[in-house]
Structures are given as structure tokens and as C-alpha cells.
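User: I am new to this structure. Please take a close look at its open and closed spaces, and then walk me through the parts around them.

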Amino acid sequence: MKRNTTDKELISIRLFDVIDKLPHWNDEKIQEAFPKLKANTLSNHKARLYEQILVSLRLLQSDDPRIRIKDHISYAELLHKKGLYVQSLAQLAKAKQIASTFKMDILRLEIVEFEKKIEGRYVTRSHSQRADELTNESSLLRSRFYFEGAWSDLSLKLYDYYLKFGHSKSEEQQRALSTMFKESLPVSQGSEFEDTIYKYQCYVWFYYISQDFVGCYAYAQRWCQVYEKNDVLLESEPEMYIRGLHNVLAALFYCDDVNRFIENHKKLKEFTSKHQHRFNENQVIQSFIYLETANLNSYIVEGRFTEGARYSDEFLQKMKPFEGRLDIHRIMVFHYKIASLKFGSADFSGAIKHLNIIINHPSISLKEDIQCFARILNLISHYELGNDDLIDFQIKSTYRFLLKLSDYQRVHSAIFNFLKNSVFMDRKKLENDFRLLRGELLEILEDKYERRSLLYLDLISWLESKISGKPVEQIIREKKLEKIADRKPSG
């Protein structure tokens, strides 16, 4: 800030020092430090300070390829204004080379349009084929943007759909999703890198929402392979590769493919550990989200609930520095996973604590599936604790909530009826009732849309634990160990 002024006591620098010493932002304390300045004048200095901080951050990121490209474009503009056209084109050539290497076609088109402007207005002594080269390149880039834009629009639309509605709940809803997906597909498909990644994103979302996790896994694998075949892109866009691995792991988690989950979880941990020293802050946040989601899921998919419940306390400490920069959807999902681990380890009070964070959140439209099953798991947790006086209220409250969301399923009805009828009965004499409920649920769960409940809560294993008298963790762990033994490691 001092490079353009002789003033040694810039107010903006003093302002920075004052703010830097405060434990938290405090407008009153800041104003007290500058008693002679009016509020609007101080506001102007704050704006100038913010601008200068951005300039300083920009100077510290000179190795970023996107910033390097924009630097060359800026130099080209300065040289162009000076009438140094050949030198301006030389800067644009450097910018285009970087843009081509890192597949940044939007910036590449900006460069080509600038080159056309120079070549079209000034005699630069370029070779005779130059005009054809530039017009062909411009035309090709513009056609690519159609595909990239169409796929990216569809990807965002599917993501928004999932946040609002979760997985498909009926044939009618699945048909509506399929219609929207087909109508939004590009007329023909491009084959460039960005088109391919956006295309794979769209198919991952479509199959994920449709509960076709095998299809989801297949496209997430292709997504990762695009990066694994290109070291330059793997280095420049590690967060996109990590996101691809996250989708691979999510699909394997819901497929209950324990061996492949362990294998890909290891791959994610190794990649993050190897590259985290060069991650920027955004990449640090994204890697935290995806790695910790995989860590929590690993305890669930392997049936290690007690270990996971202990780890969740450590995880909550890890999450604190990131809380202000995590969206509420991610935070709610984390709390549900922790509640599942607490429930599986028989810490029902701990489960209720985290479920209440979800249930009491004001935005019920966000991630409806989590809201629904948080209430079901909360209801069962109160039942396990013997909170009989609360069960009737909890049933009515949950029933009203699900009706409001039009999400009342046969699984819910069976659970509600059982709890309502058994809450005041002798728990020691309910084995036959548990068997009947298990049989009823197994029949209901033949419907793939009713099976959605198993994505969030293993009701069958819970019932088997009540029938056998074994802890639910032991029941689930035995099933997982059997799957690990039965399935050969993948190649």
C-alpha cells in the first residue's frame, strides 16, 4: 500500500492493525480507535483496505495458471494501447499456450478474439493463413461452449433437485426426473475435456438420485480416470479429482461394497496426504469435506460403530475451524452420520443430541431425506431409552411432519404402528412382535423406493438385534465381515 504514496501513517494500514488485534470483528471498537473520523469516512477506508488486501492476495497467487493467463492478457492490452502490436500478440501467444495446456477454453476464446482484433485492424506481417486459423479456432471454441454450457446447466439443475428432494421416492417422481434429464441433454455430444467431466457429473447425479448406485459408480470411475490419465490436470485441479473419488465412495457406500470402499478410501487418503501441502484454502476445505465424509462412512460401512462414535468427537474438533465456510447441507449430513454411529454403538442419548440439531433447524426444505429419517431414528432412540411418555408425542409430531412433506411411506407406517402398540408392553415379551415387524418390513422393502429407508437406517439389523438379544453393532459387524470374506478384492 505504501508503494504509491509517501504517507507513512496511512489510515488504511492503521485500520488493518486495529482489526488484526481484535479477537472478533467489532464495529464499535474500530470506531473508538478513530474518534476523529466520521462513520462514512471510516467506511470508505474499510473499502480501500479490503481492496488492497485483495491486491496483496492476488500478488501472492502468481503461480496460479488462470492468474498467469490473465496477467499475459493484461500485458497484451497495455502493449496494444502503446501501439506495440507484435509484442502484444507475443503475450497473447503465451497466454494461449497456458490456456490450452490447462483446458481453459473460455479464456482461450477471449485470447483468440483479442488476436482477431489486432490482426483485423493492423498490419502485423503474420503469415497468409493466419486469418483462417483464427476464425476456425474461434468457431471450434464457440461450438464447444454449447456442450459445456448444456452439461453444466444440467449438472447444477440435478444438484439443486437432490438438495431439495433427495432420492426418487416413487415411479411417478422417477419418471419426472427422467423426463427432465432427457429433455435437458445436449442435441449432440462434444468430446472435449470439460464436456466429458460435466457429462460424467450429470450421469453421476442422475443415477445417484435414481438409486442406481451401480450406474453411479461406473460414471464416477470414468470421471476419475479422465484425471488419472492427465498429470497436468491432476496437478492443477486436484479438487475435481477428489470430488470424483468422493462420488465413487458414495456409490460404493450405498452398494455396501465393503472391499472396494476400503480400496478407494485408501486411494483418497493417499492422494490427499501427498498433495495437501500445495492445496489452496478452497482445496483444503473441499478435501476436508470429502475425506471426513469417507472417514465417517468407513466406520458405518465396516460396522465399527463404537470406534466411529469415538472418532466423531475428534472429528467435531477438526470441523470447528471450517464451520463458517461449510454449507448447512454438509453440516446436517455430518450430524446425521454421527447420530448413526452413536445409535449403532448404543449411545442413544448421544444420537438424539445430534438428531435434534437437524430436527430443530429452521430450513426444513433443505435435504428432506435427512430431515425425515432424522425423525425416525430419533423416535427409535427414544424407544430404546424407554422414554415411553415421549413416544406418543414423537409419533404424532413425526407423522405430521412426513404428511406435510408428502413423504409418508409404508415403512414409516409399520414402524409407527409397532411403536405405538408396544410402547407400554413388557419389552421382554416382544420377541414375536419384533419377528412379525421384521417379516412385514422385508416384504415392504421388496419395493425399491421403500428401500430408500435402508440408505439412512438399517432397520432390519436393528430388529434382528432385538430378536437375538445381541447389540445392533455386533449384528451389523458380522454381516460386514461376511461380505468382506465373500468378495474377492477388485483389480
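Analyst: A helix here is a DSSP run of H or I with at least four residues, and helices are numbered from the N terminus. The model is predicted. The protein chain averages a pLDDT of 84. In that chain, 89% of the residues score at least 70. Confidence is highest in helix α15 (residues 305-319), at a mean of 95. The lowest mean, 78, belongs to helix α19 (residues 388-404).

Start with the open space. The second largest pocket holds about 730 Å³. How many residues line the second largest pocket? There are 29 of them. D64, P65, M104, S236 and E237 lie nearest the centre of this pocket.

By class, the lining of the second largest pocket has twelve nonpolar residues. Another eleven are charged, and six are polar.

Now the closed space. The count comes to one cavity of 30 Å³ or more. The largest cavity has a volume of about 30 Å³. Its lining consists of H246, L249, A250, F261, Y290, T293, A294 and N297. α12 and α14 each supply at least two residues of that lining. α14 gives the most, with four. The lining of the largest cavity has five nonpolar residues, three polar and no charged.

Q211 lies in the loop between α9 and α10 (213-228). Phi of Q211 is near 65°, a positive value in a residue other than glycine. Is Q211 buried or exposed? Q211 is buried, with a relative accessible area of 17%; the cut-off for buried is under 20%.

A346 also has a positive phi, near 70°, and is not a glycine. A346 sits in the loop between α16 (328-344) and α17 (348-359).

S88 belongs to helix α5 (residues 85-101). S88 is buried, and its relative accessible area is 0%. From S88 to E115 there are 27 residues in sequence. In space their C-alpha atoms are 8.9 Å apart.

Helix α8 (residues 171-184) has 14 residues. The helix reaches 20 Å from its first C-alpha to its last, close to the 20 Å expected at 1.5 Å a residue. Which residues of α8 are buried? They are Q174, L177, S178, M180, F181 and S184. Seen down the axis of α8, these buried residues fall within an arc of 165°, so they line one face of the helix. The face turned away from that buried side carries the exposed residues E172, R175, K182 and E183.

Notes. Residues numbered from 1 in each chain as written. Predicted model: local features only at pLDDT ≥ 70, side-chain atom pairs only at ≥ 80, totals over all residues. Heavy atoms only, no water. pLDDT = per-residue confidence, 0-100. Expected span 1.5 Å × (residues − 1). Buried < 20%, exposed > 50% of the residue type's maximum accessible area, 1.4 Å probe, protein only. Arc of directions from axis to C-beta. 1 Å grid on protein atoms, 1.4 Å probe; cavity = no way out; pocket = protein on both sides within 12 Å on 5 of 7 lines; lining within 4 Å. Points joined across faces, edges and corners; volume = space filled by probe spheres on them. Nonpolar A, V, L, I, M, F, W, Y, C, P; charged D, E, K, R; others polar.
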